[in-house]
Amino acid sequence: MFDNRVLNRFFNTLKGRIVFITILFLFILMLILSLFSVASFKYDKKIIVTTCDYTITSFVAEKINKDVQKHLTHAQTLSIIGDIFYHLYKTTDKNIFNTSTPLSALLTTFKDYKDVYGAGIFFEPGVIAPNDGVNYVYAFRKSPNVVLAGESVLGKKYNQSERPWYKDIKRNLRKGGNAWANPYKGLGQRSNTLMTSVGVGIYDGNKLVGIAMVDWDFSTILNKVLEIKPTPNSLVMLADIQQGTVMTSDAYFGDTVSRKIRLDEVSWYDMDLKNTDTFRYKNKTYIAFIKPVANGKSLYVCVPENELLGFIISQLVKMFIILFSISVLMSLSLFVVLKKNVNAPIDELSKAANEIGGGNLDLKVNIKTPLEFARFADVLNKMTDDIKKYIENIAVFSREKEKIESELNVARQIQYSVLPDDTFSDVKEFDIYASMDTAKEVGGDFYDYFFIDDKRFFFSIADVSGKGVPAALFMMTTKALIKSIADEKLPPDEFIKKVNKGVCADNRQEFFVTAFMGIVDITTGQITFINAGHNPPLVKKKSGKFAYLKLEANLVLGIMNNIEYKIQKSKLDEGDIIFAYTDGIVEAINNQGKLYGDERLLNKINSIKSDAPDVIVKEIKNDIKSFVQDAPPSDDVTMVVFKFNKTK
């Protein structure tokens, strides 16, 4: 069984892909060639079928319809002669057919009808010869140059009204028009000849008194029909669809000049065939060309498709073979070019890379062409030189990095050392817990809490703009400034105003600080809030849930001197909790680029069952970690939780 892994390895190599590209190129060429051949064949077929259709149409118009019109014209001429005979009879009251005049006139006229077998003028019984005399005149062509009177064929007692041809014409005849008889056998010398006749009426007012007729021998029709065969094996048929009979056909030549052939005897005939339709007959596909003839008949010319289109098929096959050969040669040429100019240089580069990877940094790759690989070889040579230089300098870089990391570690320890770690567990009036996690080695967040005097407790949380060492230094300065001013025991509004001036002083880096501060009288629960552009804290009353505290935002510290800050006061009851935090929590980002957000923070803190500050901090930390997963921290995360227990 074939191992698919072998095939996968092959196509994952450049050689395999070159083979694939070559095969794909050949496939695309063959597809284009096939589409072109199909389109060309369809176009050429349309042209040939259209040309054949036009040729057959022209033949019908020039040959058959022209003959039909000639016979009709002859019949119309004879009808005029017959009308003259009828009026002579009426004016003289003599049967003009008892004289030689009608026959002489007919013979004289008939001699000019070179393509007509027979012609005559027949009057209705009792119109010209009431006493059963001769009521017709008829002539026929014995040979191309010999015309004889028809009595020798028909006899004086010939009663045309009993003949099928006369009945057919009379039944279908309308004044001013003409009618054709269904095929019938001739008489006398033409008793085995199948023929038809066209008749034109002779009228006395609206009364039909006679018919002028002209005979058409089907054997002459067949000779003309056979002229139109486009290919040797074409099927040709002239048929009367209404009567369901074949007038003449190359397939029934012997029969159609001696007997009637019905359409249902023609094995390939289908009444639903339309012009240029195709059909199958004796394992061949035929294209049917169907043309109406002027006498109401239809000409069928059915051409074998392979004979009609044989030339273009052979030409397309030759062209396909030539183009296929060219495509194969082009594909092989493409394969050779790609292998020589792509695969071979890459093999050389791959070999060189393996040696360099094995430690041979003195190797030089020498490729001159193609230029792209030559440039790559130059890059590879330069890389080996750079690696050697890097190896020489890596020890220096390692020592410098260790020194920087050591200094940053010291800075981190210093920064964390200035943060309070006393939780005042011996003070029963409140519980407090704080935490700070920097995004980098050092950060710009800080928190602080301490007693201002015996009964007032101060806590704060702040965020310095910026990151890294500069922000950390500014943070430590700001924290020390707040502590020193708090020791002056100023009123809250004077306290924050002085802090802002201190932050603004000598602020060349143009840092600013957002801060939230609280001063609690632990004997009464009275609390003063000071907010300087910081995130509003979450406050939980003992009987309710956490909610964001509505505070005056005020301006951040360090932007402008002499700003008046609005101070807000409230009262804490036993069990009330204040959760202060920096924006590193709500702006934490996960791998999908989504923010942790205010709503998630609110929902999470309300889902925590414990009121212990340290538990609240740990639960929030864990939720943030679960949210961001392995995404790098985007900002410092700092929290302070103050829970008021009771007054003294």
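Me: In which helix does lysine 479 lie?

Reply: This is a predicted model, in which local features need pLDDT of at least 70 and side-chain atom pairs count only at pLDDT 80 or more, while totals for chains, interfaces and linings use all residues. Residues are numbered from 1 along each chain as its sequence is written, and side-chain values use heavy atoms, with hydrogens and water left out. Helices (DSSP runs of H or I with at least four residues) and strands (runs of E with at least two) are numbered from the N terminus. On that numbering, lysine 479 belongs to helix 11.

Me: Is lysine 479 buried or exposed?

Reply: A residue is called buried under 20% relative accessible area, exposed over 50%, and partly exposed in between, using a 1.4 Å probe and protein chains only. The relative accessibility of lysine 479 is 11%, so this residue counts as buried.
Leaving aside neighbours within four places in sequence, its contacts (heavy atoms within 4.5 Å) include Val418, Leu419 and Phe446. The word asked for, at 11%, is therefore buried.

Me: With which aspartate does the side chain of lysine 479 meet in a salt bridge?

Reply: A salt bridge is a side-chain nitrogen of Lys or Arg within 4 Å of a carboxyl oxygen of Asp or Glu, and by this rule the count comes to 15 salt bridges. For lysine 479 the N to O distance is 3.2 Å, and the partner is aspartate 448. This pair links distant parts of the chain, 31 residues apart, with lysine 479 in helix 11 (residues 468–486) and the partner in strand 15. At 6% relative accessibility the partner also counts as buried, and its name is aspartate 448.

Me: Why is strand 15 described as largely enclosed by the rest of the structure?

Reply: Strand 15 covers residues 445–451, and a hairpin joins this strand to strand 16 through 4 residues. Two strands pair if DSSP finds at least two bridges between them, and here strand 15 and strand 16 (residues 456–464) pair in the antiparallel sense over 7 bridges. Strand 15 is largely enclosed because the number of its 7 residues that are buried is 6.

Me: Which residue in strand 18 stands opposite methionine 517?

Reply: Strand 17 (residues 513–521) and strand 18 run antiparallel and are joined by 5 bridges. They form a hairpin with 4 residues between them, and glycine 525 in the turn has a positive phi of about 85°. Strand 18 (residues 526–532) has 6 of its 7 residues buried, so this strand is largely enclosed by the rest of the structure. Opposite methionine 517 stands isoleucine 530.

Me: Which residue in strand 21 stands opposite isoleucine 527?

Reply: Strand 18 is also joined to strand 21 (residues 567–571) by 5 bridges, and these two run antiparallel. The residue opposite isoleucine 527 is serine 570.

Me: Which residues are linked with Lys541 in a network of salt bridges?

Reply: The side chain of lysine 541 meets aspartate 573 at 3.8 Å, N to O, and aspartate 576 at 2.6 Å, N to O. Lysine 541 lies in the loop between strand 19 and strand 20 and aspartate 576 in the loop between strand 21 and strand 22, so this pair ties together parts that are 35 residues apart in sequence. Aspartate 576 counts as buried at 1% relative accessibility, whereas lysine 541 is partly exposed at 34%. The residues linked with Lys541 in the network are Lys571, Asp573 and Asp576.
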